[in-house]
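Subject: Structure handover

Hello,

Here is the structure I said I would pass on. Please open it next to this message, and then read my notes below.

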Amino acid sequence: MSLQTNLKGRLRNTSLPKSHGLMPVFEAVVNSIHSIEEKRDVENGKIILRVNRATQVDLDLEAKSLAPIVGFTIADNGCGFDEANFKSFETLDSDHKIDKGCRGVGRLMWLKVFNLVEVESHFLDVDGELKKRIFRFDDKLGVHGEEIVSATEKQSGTLIKLVGFDENYRKQVPTKCQLIANQLLEHVLWYFVRSEHAPKILVEDSGESIDLDSLYDQHMHASAYHETIRIREYDFDLTHIKFRSSVNKKHQLALCAANRLVREDSIQGKLPGLYGKISDAAGEFTYTCYVSSSYLNEHVRSERTSFDIAEDVEDMLNEVSFKDIRDAVLERTKEYLQDVLEEYVSAGRKRVDDFINNHAPRYRPIANYIAEELLIFDPEKSDKELELHLHAQWYEVERQLVSAGHDIMQPQNEEHVEEYKERLSEYLRKSEDLKKSDLANYVSHRKVIIDLLQKSIERLDNGKYAREDMIHELIMPMRKDSSEVFLDSCNLWLVDERLAFHNYLASDKTLNAMPITSNDSTKEPDILSLKVFDNPLLVNDQPSFPLAAITVIEIKRPMRNDMREGEDKDPIDQALNYVERIREGQAKTKSGLLIPRNNDIPAYCYIICDLTSTMIKRCKNFSLTMTADGMGFFGYNPNYKAYIEVISFNQLVKAAKERNRAFFEKLGMPTT
């Protein structure tokens, strides 16, 4: 029984990612290399890859964009399409040249990307006479129009035209000749680093010509270093290469099969010190390790764009995984680049130490539990990226601690008492350090908030000052109450540490929306300005009824100087009236229980604003006393049974720094 092949069906089932549009072109170049090798004349071998572009209808000398690529021409002086090679070309999945890694499906790649392939080939027939074979190849008729005619050249060779570049592939490949040549060099690099070398290969485009030999020499710092390693039961050949940074943007691991580049994996940052550009005595370079093996040849997929290899396996059938390959190669890379990386490792560790010392002391207590290589970080990366990296390590330490905590509770069989005590001691030591880290994080957070507050009250570049809502958001999110926010998201300690203890907390809410009073007033502090933040924070401090207290915090825009009599313009009067309305509404707990003696509930009013001339006058009208440092006023109003404190922004920042100074100094943080 004979089986027939449906060419269109094969093409439909052949995978080629859109980003691999140049793969068929490069494979044609590889075929030319093989043809020259078969002729046994590599020394005089020559291949030209010509870029064919659309003809410009209107000549525009000012146009900077290149004309679209419509196809490619590949010319070589190899052995040509003799009878054996032509028969192989007509046979899909041919095993001809299988010893060179050929799968017999390369021509399918041509038709995935191009509409038509035209071939003119000179070859020696069985009688040694030079002949010319002409044929075409497309997805409708397959190989057709074959003719053998008299030779028009004096030596064997082949001219292949790839016509009709599919737009879906074309728009995702580079258009400049230099970039195409760079990618071609990477694809056929093996032929340049091997002992037999490669034939001369040129890339031509509209008068521009790039010699891959020159390109190779230009981007190489030194001769490639070869070595063979063993992974499980298989040999892998490694070729370590240093390229100038203009070719490879990242350090890479390049997996090859059948002398072609198949897969590239970035190893940037996978070794301590191996980050961006690195240098040796010859200058800057990027590193690539090319890996080849019979194992890779056996497991490459037919289209040669990927491998049938698992990412990781656990000793199953002696299979080699990508992880096995990567780990083994990185170990050799570390050895190969040891002298080069030493300086970068030192700089990476200093980057982490400086960040912890100056910005994130919370990580200092757990640094001893983090692997040394994880404390080396790319100096060029941002503080945010470093913070995320250190946080991931902190999380891993905490995860290990939780796991160890469960194990500690179950002493192991036949474990001596002394061994158990040592395990317990180590667990408690790590637990203590982790808690120190939590405390350091909280103190660091306070330092950042104080710095942000300092920035918020400074005059802006346009001569104006920040709006109230910026400062308000630092103290507590607006339009929220205690049922909607975590205490950690509030920074009430900026005003008074005692405000952390409350039964109910509200920010920018109308009185009739608050469960602590039945007052039906829609009055709210933003009546003065809906965009600024004359909105109070209302706090019922204590859960026990006799000790209940109401606290109102009123914030005004920095340097505001339009204060005058009346609730709408006097923040002191405004705060006191809020207190009265809450009392009149029969103050109660959040759960709805009335608080006895509502009119006697003590009240604390904090007014945060700059001491402008009009604000000082309002303070004097309420008989408030200036503080010794002249940065605020305070006093008690018996009529409202309320303690009043007016705090300037400078005093708010100064007091917060003083209260936290001892903690900052303990962590080695700057206090000025």
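Asp 280 has a relative accessible area of 23%, so Asp 280 counts as partly exposed; the classes are buried for under 20% relative accessible area, exposed for over 50%, and partly exposed in between, with a 1.4 Å probe and protein chains only. Asp 280 forms a salt bridge with Lys 242, and their closest N and O atoms are 3.0 Å apart. A salt bridge here is a side-chain nitrogen of Lys or Arg within 4 Å of a carboxyl oxygen of Asp or Glu. The pair links distant parts of the chain, 38 residues apart: Asp 280 is in strand S13 (residues 278–280) and Lys 242 in strand S10 (residues 234–243). Strands (E, at least two residues) and helices (H or I, at least four) are DSSP runs, numbered from the N terminus. Lys 242 is buried, at 16% relative accessible area. Lys 242 also lies over the face of Phe 285, 5.2 Å from the ring centre. For a charge to sit over a ring, NZ of Lys or CZ of Arg must be within 6 Å of the ring centre and within 35 degrees of the ring normal.

Before the rest, some notes on the source. This is a predicted model, in which local features need pLDDT of at least 70 and side-chain atom pairs count only at pLDDT 80 or more, while totals for chains, interfaces and linings use all residues. Residues are numbered from 1 along each chain as its sequence is written, and side-chain values use heavy atoms, with hydrogens and water left out.

Other salt bridges

The structure holds 30 salt bridges. In one of them, Glu 83 is joined to Arg 133, with 2.7 Å between the closest N and O atoms. Glu 83 belongs to helix H3 (residues 83–90) and Arg 133 to strand S4 (residues 130–138), so the pair ties together parts that are 50 residues apart in sequence. Are these two residues buried or partly exposed? Glu 83 is partly exposed, with a relative accessible area of 45%, whereas Arg 133 is buried, at 1%. Arg 133 lies over the face of Phe 86 as well, at 4.4 Å from the ring centre.

Arg 349 forms a salt bridge with Glu 372, the closest N and O atoms being 2.8 Å apart. This pair, too, links distant parts of the chain: Arg 349 sits in helix H11 (residues 338–358) and Glu 372 in the loop between H11 and helix H12 (383–408), 23 residues apart. Arg 349 is partly exposed, at 23% relative accessibility, and Glu 372 is partly exposed, at 46%. Elsewhere, a network of salt bridges links Arg 263, Asp 265, Glu 311 and Arg 326.

Aromatic rings

A pair of aromatic rings is described by the distance of the centres and the angle of the planes. Rings of Phe, Tyr and Trp (its six-membered ring) pair if their centres lie within 6.5 Å; planes under 30 degrees apart count as stacked, over 60 as edge-to-face and the rest as tilted. The structure holds 16 aromatic pairs. In the pair of Tyr 287 and Tyr 336, the ring centres are 6.0 Å apart and the planes are at 40°, so the pair is tilted. Tyr 287 is in strand S14 (residues 283–292) and Tyr 336 in helix H10 (residues 322–336), 49 residues apart, and the pair links these distant parts of the chain. Tyr 287 is buried, with a relative accessible area of 0%, whereas Tyr 336 is partly exposed, at 25%.

The rings of Phe 307 and Phe 322 have their planes at 70° and their centres 6.3 Å apart, so this pair is edge-to-face. Phe 307 lies in the loop between helix H9 (294–299) and H10, and Phe 322 lies in helix H10, so the pair ties together parts that are 15 residues apart in sequence. Both Phe 307 and Phe 322 are buried. One aromatic cluster is formed by Phe 81, Phe 86, Phe 89, Trp 110, Phe 135 and Phe 137.

Cysteines

How many disulfides are there? The count is 0, where a disulfide is a pair of cysteine sulfur atoms within 2.5 Å. Cys 609 is in no disulfide, as the nearest cysteine sulfur, that of Cys 619, is 6.6 Å away. Cys 609 is buried, with a relative accessible area of 1%.

Regards
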